Amino acid sequence: MKQITIILSLLSIVITTNSYCQETKVKRVQKGDYIEEYYVLKENKSIKHGEYVKFQKYILDRRIPIAFGFFENDRKVGEWYFFHNGGALESFGNYFADEKRGVWKEYYKPLYKDISLSSLVNGQSDLTIDEKGSVIVSKKDSLIAAMGIYNSGDKMGTWNYYDGRGTLIHVFDHSSDKMIFSSASDSTNRCCPYLGGTDRFYSYYFRFAEASGFNNTLTDAKVILKLGIDGALLTIERINSNGAAKATFEFERLIQLFPNDWIPSYFDNPVFLTLEHKTDSNKLSVSATFSQ
């Protein structure tokens, strides 16, 4: 089993009163289904300083970690681990002065068909603590989605992107904005001009929709968005929509949350994205189609 062991302890295991030679205390904040526990400076309780854990409240009030790392004077430092809702590993890498730096890896959320009934009920946390208080992050069932290097918070050099079966689909140089390798055909890339293809596109869509509660919106809606790339920015213009105004606005907001991993060579002309949200007998289906 592939795993990473970090020799440190969660707040619930060992509480110290001194971190990085400064007096600290533990703070706990709850917002909806999420709980944050972290250290703050005693002299300024608005400054995070020390271990940080964010939990998701799960069934039967069980808490599943979804973020774990360190702050130093209110800035992320060192190794950080992020988890999908339910506890599966989502990404990990290093921060320096609040900016991503060095190698980062991203993982797909396991499909429901690959998760046991016990995991669905109790959560499937890839973060555990052994009897010595060491934090262990498991990668046993993690399926790689992307990997590469950050410098000062920006992607640089060659990144690898994979589909939902773990097959390498794109190799892209973010320093030169050029595709190095694509196992997908030109027509396939045009159908979804996003690094990692449709699997990675839908992975982000459902992750952001789940976090916002949009998946629970029982309404039909459809929107056509005109997408363009202006330098490093994605521009979005609503062309047409029908259905509840709140739902069509949410479509735009979700697309704006996407990392800017659009394939620039397919944006010489505007790209039109059609998103449709359907609820049939309280079952949600979402479809996305691109055209130029």
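Begin by selecting glycine 148, which lies in strand S12, residues 143–151; helices here are DSSP runs of H or I with at least four residues, strands are DSSP runs of E with at least two, and both are numbered from the N terminus. What you have open is a predicted model, in which local features need pLDDT of at least 70 and side-chain atom pairs count only at pLDDT 80 or more, while totals for chains, interfaces and linings use all residues. Residues are numbered from 1 along each chain as its sequence is written, and side-chain values use heavy atoms, with hydrogens and water left out.

**Around glycine 148**

Is glycine 148 buried or exposed? Its relative accessible area of 8% makes it buried, where buried means under 20% relative accessible area, exposed means over 50%, and partly exposed covers the range in between, with a 1.4 Å probe and protein chains only. If you now display the surroundings of glycine 148, leaving out residues up to four places away in sequence, you will find that it touches Gly102, Val103, Trp104, Thr158 and Trp159, a contact being heavy atoms within 4.5 Å.

Select valine 103 next, in strand S9, residues 99–108. Apart from neighbours within four places in sequence, valine 103 is in contact with Phe92, Gly93, Asn94, Gly148 and Ile149.

**Two positive phi values**

Follow S12 to its end and select serine 152, in the loop between S12 and strand S13 (154–162). Serine 152 has a positive phi of about 55 degrees although it is not a glycine, and at 34% relative accessibility it counts as partly exposed. Then go to aspartate 74, found in the loop between strand S6 (63–72) and strand S7 (75–83), where phi is near 75 degrees, again a positive value in a residue other than glycine. Aspartate 74 is partly exposed, with a relative accessible area of 34%.

**Along strand S14**

Aspartate 173 is the next selection, in strand S14. With 17% relative accessibility, aspartate 173 counts as buried, and beyond its neighbours within four places in sequence it is in contact with Gly157, Thr158, Lys178 and Ile180. Move on to aspartate 177, in the loop between strand S14 (168–173) and strand S15 (178–182). Which residues does aspartate 177 contact, leaving aside its neighbours within four places in sequence? They are Phe172 and Pro264. The C-alpha atoms of aspartate 177 and isoleucine 263 lie 8.4 Å apart, across 86 residues of chain.

**The nonpolar cores**

In soluble globular proteins, nonpolar side chains tend to be buried together. A nonpolar core is here a set of buried Ala, Val, Leu, Ile, Met, Phe, Trp, Tyr and Cys residues joined through side-chain atoms within 4.5 Å. To see the largest one, of 24 residues, select Phe201, Leu227, Ile255, Phe258, Trp262 and Leu275, which have the most contacts inside it. Helix H3 (197–212), strand S16 (221–230), helix H4 (245–257), strand S18 (271–280) and strand S19 (283–291) each supply at least two residues of this core, and the largest share, five residues, comes from H3. Apart from this core lies another, of 18 residues, among them Trp80, Phe82, Tyr161 and Ile263.

Center the view on phenylalanine 258, which, leaving aside neighbours within four places in sequence, is in contact with Tyr194, Phe201, Tyr204, Tyr205 and Phe208.

**Helices H3 and H4**

Finally, show H3 and H4 together; their axes come within 10 Å and cross at roughly 120 degrees, the axes being lines fitted to C-alpha atoms over the stretch in contact and the angle running from 0 to 180 degrees between N-to-C directions. H3 and H4 are therefore oblique to each other, since angles under 35 degrees count as roughly parallel, over 145 as roughly antiparallel, 65 to 115 as roughly perpendicular and the rest as oblique. On the H3 side the contact is made by Phe201, Tyr205, Phe208, Ala209 and Ser212, and on the H4 side by Glu250, Phe251, Arg253, Leu254, Ile255 and Leu257.
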